[in-house]
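Look at the structure first, then read on.

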Amino acid sequence: MGRAFLVVMDSVGIGGAPDAGTFFNGNTPDSGANTLGHIAQACAEGRAEDGRSGPIHLPTLDGLGLGRALELASGFLVPGLGVEPLGRWGAATEISRGKDTPSGHWELAGVPVPWDWHYFEKKTDSFPKPLIDEVCALAGTEGILGNCHASGTEIIAREGGAHLTSGWPICYTSADSVFQIAAHEEHFGLDRLLTLCKNLAPSLHAMKVGRVIARPFVGTPEQGFTRTGNRRDFAVAPPRPVLTNWVQDAGQRVYAVGKIGDIFSMQGIDEVRKGDDAALMQHLSDLVGSAEDGSLTFANFVEFDSLYGHRRDVSGYARALEWFDGEIGKLLPRLRKDDILLVTADHGNDPTWCGTDHTRERVPVLVAGAGSGTLGQIGFTDVAKLVARHLWVALPS
């Protein structure tokens, strides 16, 4: 029995979502957003020259069908993409009413989100008083800092000094359905922060807020503050068994690389491996060498989104794509005869677009080890079916 490696390039959308006009960055609809297409255009036009140069170079992914998937999804033809594919390729469309991490991953794992997420829409004074009171009671503080929409690095720089003085947690949100708490690992305490987020999560989940995220940091006002790798997401559990459950219930092992364990609240997960994207690629490489027959390795590479998409860094995003392409190219020759490696994404985050939010887009579906040819226009849930069928796992009725 072969193995399956399901790899999510977080936010690498390819445009073309039919309902993009009903999703917004500020007051601007996402119609026309195209993460990969606009990055490739910028590279070809010499507008992404920081740390790299020229047309985008993605020979591995393009050889699997990335350029063809982009054209299928949104009609884009760009320099550097579009060779004759050697893999199976298609474009997937989401039906869940969200353009966020849980919505995309749950649906890729076979279960669309059956409800509307709750969002904190006010840019300042974002949180209701009962929620603030609960945070204070759980944290043992008289107040909170932040209470607004903000980027994590910006609000830590702005409020870090006050946090060290007062001991109050820094609470903030974004256009996603999230409640984030930043606190100093040493002065506030990492365990205390994780416990606070864990104990607060049930109330926010009842409100249909998708995730409570612990954002620990270190440093001083004089030297600056830096977020650490000890982030932890406390996510709403999927409402029904997902791909990881299907595989585990069939007696086969499931490895989570990156934030997959958090996204699925550890449902159907046997082992978690974390780190930055470089470390995650090493974990993925190790599992290509050691994972058992019949196993599923489910990986998320988040830095496309967190470091470059939200920060609207076109050059950085292009560099990350080219690095990822090279690393995946090293893994493909090491796959066993009956393995598949499927590369996809969960939403878009067009770095050329206005605002800093995700963008509603279709995503590529690229499969190595399953022959060649088009999959056509498919749904996110079809990704779970492709993987389950390869692993000889029964699909739920």
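Predicted model: local features only at pLDDT ≥ 70, side-chain atom pairs only at ≥ 80, totals over all residues.

Residues are numbered from 1 along each chain as its sequence is written, and side-chain values use heavy atoms, leaving out hydrogens and water.

**Helix pairs**

Two packed helices are described by the angle between their axes and the distance between the axes. Axes are lines fitted to C-alpha atoms, for helices over the stretch in contact, and angles run from 0 to 180 degrees between N-to-C directions. Helices (H or I, at least four residues) and strands (E, at least two) are DSSP runs, numbered from the N terminus.

| Pair | Angle | Axis distance |
|---|---|---|
| α5 (residues 129–139) and α7 (residues 185–206) | roughly 140 degrees | within 10 Å |
| α1 (residues 35–44) and α12 | about 105 degrees | 10 Å |

The angle makes α5 oblique to α7. Angles under 35 degrees count as roughly parallel, over 145 as roughly antiparallel, 65 to 115 as roughly perpendicular and the rest as oblique. In α5, L131, E134, V135, L138 and A139 meet α7 residues, including F188, R192 and L196. Contact means heavy atoms within 4.5 Å. By class, this contact of α5 with α7 has eight nonpolar, two polar and two charged residues. Ala, Val, Leu, Ile, Met, Phe, Trp, Tyr, Cys and Pro count as nonpolar, Asp, Glu, Lys and Arg as charged, and the others, Gly among them, as polar.

α1 and α12 are roughly perpendicular to each other. T35, L36, I39, A42 and C43 of α1 meet V314, Y317, A318 and L321 of α12. Their contact has eight nonpolar, one polar and no charged residues.

**Helix α10**

Which residues of α10 are buried? They are D277, L280, M281, H283, L284, S285, L287 and V288. Buried means under 20% relative accessible area, exposed over 50%, partly exposed in between (1.4 Å probe, protein chains only). Their cover includes β1 (4–9), β13 (296–301) and α12 (314–331).

**Positive phi**

Most residues other than glycine have a negative phi. D125 is not a glycine, yet its phi is positive, about 45 degrees. D125 sits in the loop between α4 (101–108) and α5. N147 also has a positive phi, near 55 degrees. N147 belongs to strand β5 (residues 145–149). N147 counts as buried, at 14% relative accessibility.
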